[in-house]
Amino acid sequence: MDFQVVVLAGGTSEKLSPLVSKDVPKALLPVANRPAISYVLDLLESSDLKDIIVVSKRPSSSISALPPVRSWALPFANAPVRLLQVVEGQEAARLVGAWISSAYLDRLVVEVVAVTEDIGTAGALRAISKRLVANDVLVISGDLVTDVLPGAVAATHRRNGAAVTALLCSVPVSGPSDAASSGGKDKAKKPCRLNIVGLDITRQFLLHVVSGTDVEKDVRVYKRKIRAVGQMEIRSDLMDAHLYAFNRTTLQDVLEQKEAYRSIRLEVLPYLVKSQLRSAPSGGEGTIVDETGNVVVPPSSNLQCLSQHRAIAPSAFKQDLLASSGGGTHRCCVYIASKNKYCHRLNSIQAYCDINRDVIGEASHLSGYSFSSHNNIIHPSCVLGSKSTVGPQCMLAEGSQLGDKCGVKRSVIGRHCRIGSNVKIVNSVVMNHVVIEDGCHIQGSVVCNNVQLQERAVLKDCQVGAGYTVTTGSDHKSESLARK
């Protein structure tokens, strides 16, 4: 058996506006002063993946001249591996390809392939479907920051002979790590609910999945499914990490038959989960049903009590229905990462802030940097003025300067920034070549490249797009500021 690896790395995203732009695509957004995509590339490199093809989404009018795709075999868990990578947008592809070629010189071989924009993750796979030739395909989101090795998911997939195996991780907490620094208890870090899954008692098989807006509704499980599997555990504390192993034939069949499908998480995966079991007669003692004959699970607001060990049917688990590959049955499996593993996706502004803080904090092992005895990173070329302090879990990149009496707490500051005197920066990300004049206060905000903050400007929970000027004495709260 061999594997082919596809990395889906987006270009621009409305959820990340105004952070992303044609000059800084999502894949190159700095996380702890490293492009976001570098975390996935390092993860793959650690799995002995050395050759990469970047598949770029670009406008349909320019799709006619796709670059050629090379094939190769690489060792991955004693099996040959092929790797594809997807980036949205023609200009984004050029920028990402140029950066990878430079940063991974003599480490990775990169080639760019393009598909049309705005076709979703399933659409991207459909566009390159004919290029998928291995028995199994590993699909990884380019915005994933994790220390879970893809080989662990691949091994589980092979062992179970599954149609799909999904990586599930503990739902990350969201918000500043220090509630007091952000002005109240409402800002404390808290878990978010992303999806609801049903697992068998061995926690190997994925029996039910609810994602997207449906997590806010009552969850209904067909009685025939409960009768077929015997027992199901409902969990709302696990996140779909967007790392999947697919049987290639099964994946290609779904993409061909379901031409309207755009999303792997919201459409392809639920379809496979729903269709995996043989039809079974309705009925079964011990289940709670509504007038339609379905099992009713309480709304998501009450799911916390169900998230660990409650079973919603008492009969014995019928392993043979999932363990058998005959009769049209296929298996949907999961690999559940241990709680001490880090797993987060850069798919929102809040997630971007969380990941930056985590990578210089509790997940500092992912940063690739050596921290000082003060638990921070200050590049030797940085200049700090009199009585200026840089606290723990902070990072100052090369060439940046701080004036007198500045305070930096739990923040990342990029390259060649010029920061005046009496400036306070808390729980924030400041990118490259930013000018911050005297007396400015920045809290819980993201400041993009080449921004200028004039004297005494105040930002709280704001995002400032590249090249924007924040005027003298202005006070902004929960705003998105960008050039028109």
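These legends describe close-up views of a predicted model. Residues are numbered from 1 along each chain as its sequence is written, and side-chain values use heavy atoms, without hydrogens and water. Local features need pLDDT of at least 70 and side-chain atom pairs pLDDT 80 or more, while totals for chains, interfaces and linings use all residues.

View 1. Helix H6 spans residues 248-257; helices (H or I, at least four residues) and strands (E, at least two) are DSSP runs, numbered from the N terminus. Its buried residues (under 20% relative accessible area, 1.4 Å probe, protein chains only) include Leu251 and Leu255. Among the elements covering the buried residues of H6 are helix H3 (120-127) and strand E17 (238-247). At the start of H6, a side-chain oxygen of Asn247 lies within 3.2 Å of the backbone nitrogen of Thr249.

**View 2. An open sheet of three strands.** The strand order is E14-E13-E16, with antiparallel pairing; strands pair if DSSP finds at least two bridges between them. E14 (206-211) and E16 (233-235) are the edge strands, each with a single partner, so one side of each has no neighbour in the sheet. Strand E13 (residues 195-199) pairs with E16 over three bridges, and Val197 stands opposite Arg235 in E16.

View 3. The closest N and O atoms of Arg415 and Glu398 are 2.9 Å apart; a salt bridge is a side-chain nitrogen of Lys or Arg within 4 Å of a carboxyl oxygen of Asp or Glu. Arg415 is in the loop between strands E27 (412-413) and E28 (418-419), and Glu398 in the loop between E24 (395-396) and E25 (401-402).

How values were computed:
Buried means under 20% relative accessible area, exposed over 50%, partly exposed in between (1.4 Å probe, protein chains only). Contact means heavy atoms within 4.5 Å. A polar contact is a pair of N or O atoms within 3.5 Å; within protein, one must be able to donate a hydrogen and the other to accept it, and residues adjacent in sequence count only if both atoms are side-chain atoms.
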